[in-house]
Amino acid sequence: MAVQPEIDAAVDEIVNASIVPGSEKKPIKLDLDNLPLSESIKIKIYREFDYVVQLLDFNHKSYEIFRRWYIDSKVFYNIIIDKDNVSDGIKEIVPIDPLKIKKIRKVEKQNEKAGNQTIAVIKKIEEYYLYINT
């Protein structure tokens with residue numbers, strides 16, 4: 001629907017009201033004040049949050065990221081990690097088209113007797129996302 005000019009204009013107004021481009025302030029902020037964590041752990045979380053914001057280039061691309069989320073209602077990213085040196089952490093975050101992601105949910109059931117009835121009991125649930133490159 002966002003390709004229609006009227007809808008596109010409405011989406012732009014909503015995104016403009018949510019994200020202020022060109023502002024010197026950061027568009028997002030992490031607040032851990034009410035969490036029962038030690039200050040050293042909070043500092044580590046803040047540091048990692050700032051690193052992910054930097055990888056996303058969120059301060060410059062916040063308008064596009066928020067708009068994509070608002071239109072598609074979800075945003076997927078491929079997180080790239082160096083397999084040879086996992087302790088270095090995330091190297092890159094690449095956006096993925098949500099139309100190319102499919103959630104797969106496998107439910108393993110087992111029939112068990114309960115008195116005179118047989119009922120299906122869920123033993124295991126496996127959930128993952130499948131990227132379909134078409």
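This is a predicted model: local features need pLDDT of at least 70, side-chain atom pairs count only at pLDDT 80 or more; totals for chains, interfaces and linings use all residues.

Residues are numbered from 1 along each chain as its sequence is written, and side-chain values use heavy atoms, with hydrogens and water left out.

**Salt bridges**
- The structure holds seven salt bridges, each defined as a side-chain nitrogen of Lys or Arg within 4 Å of a carboxyl oxygen of Asp or Glu.
- Glu112 pairs with Lys123 in a salt bridge whose closest N and O atoms are 3.0 Å apart; Glu112 lies in strand β3 and Lys123 in strand β4, 11 residues apart (strands are DSSP runs of E, at least two residues, and helices runs of H or I, at least four, numbered from the N terminus).
- Lys103 forms a salt bridge with Glu127, with the closest N and O atoms 3.9 Å apart, and because Lys103 lies in strand β3 and Glu127 in strand β4, the pair ties together parts that are 24 residues apart in sequence.
- Asp8, Asp12 and Arg67 are linked in a network of salt bridges.

**Exposure**
- Asn116, in the loop between β3 (101-114) and β4 (117-131), is exposed at a relative accessible area of 82% (exposed means over 50%, buried under 20% and partly exposed in between, with a 1.4 Å probe and protein chains only).
- Trp69, whose place is in helix α3, counts as partly exposed at 40% relative accessibility.
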